[in-house]
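The sequence and structure come first.

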Amino acid sequence: MANSVSYEGIKSDADLIAWSRAYCQRVRREYGVSVRFDLVDWDVSHRAKRRAAAVKRPKLDDAAVGERYDWGSLDGSDGRPLRCTVSLTWDAFSAFDRDTWEMTLRHELIHVEQYQRDGTTDHGHAFRERADQLDTDVHCPAFTDPKYALICGACGCLVARRYQDCKLVEQRQQYRSDCCGASLKLG
């Protein structure tokens, strides 16, 4: 699929979708990613604050990563995976440089690949292996500042970010860091 929009020329949701979809199609060819784009919808979020992108998909109770899903077993199915949607976050695109945005798209392609094969997706061992192959991270970088940063009380390492008040923030002294086993403090 030809894309006439340059990365620097992305000015609208339609431009972002067209460029991102074309990039993902190149990744599919170059890295051998097994994704059926005819079963993928695209949209852009202007509200998301924590996720750079996401794959929205139906939850299938009997699906497990690493076990090929029998799509033909669904009522009314023609044997193809159900549609999913790659939702891109405009604020993340605006905050990231091109390399980081491309890495984010490769991350989401792994989710689509797992979903279309297994009926579900996660960030487990298989995802981490595939992320290495596609030269991407397991977790996408933050693009907005959190309201709360929880740090290790011993070494000061960042333990968690929270964008709203929650049990972890309110009861932080009851939790321990993985790095030192120390109580958490607000940073």
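## Basis

This is a predicted model, in which local features need pLDDT of at least 70, side-chain atom pairs count only at pLDDT 80 or more, and totals for chains, interfaces and linings use all residues. Residues are numbered from 1 along each chain as its sequence is written, and side-chain values use heavy atoms, with hydrogens and water left out.

## Annotated domain

An unreviewed UniProt entry places "domain: SprT-like" at residues 37-136; UniProt positions are in the numbering used here, feature names are shortened, and annotations may be inferred rather than shown by experiment. The span is 36% helix and 16% strand, and its end C-alpha atoms lie 20 Å apart. Helices (H or I, at least four residues) and strands (E, at least two) are DSSP runs, numbered from the N terminus.

## Strand pairing

Strand 4 (residues 148-152) pairs with strand 5 (residues 158-162) in the antiparallel sense over 4 bridges; pairing requires at least two DSSP bridges between two strands. A149 stands opposite R161 in strand 5. The two strands form a hairpin with 5 residues between them, and G156 in the turn has a positive phi of about 85°.

Strand 4 also pairs with strand 6 (residues 184-186), antiparallel over 3 bridges. Here L184 is the bridge partner of C152.

## Cysteines

The whole structure contains 0 disulfides (pairs of cysteine sulfur atoms within 2.5 Å). The sulfur of C180 is too far for a bond because its closest cysteine sulfur, in C155, is 3.7 Å away. For C24 the closest is in C84, at 11 Å, also too far.

C24 is buried (under 20% relative accessible area), at 1%.

Note on methods. Buried < 20%, exposed > 50% of the residue type's maximum accessible area, 1.4 Å probe, protein only.
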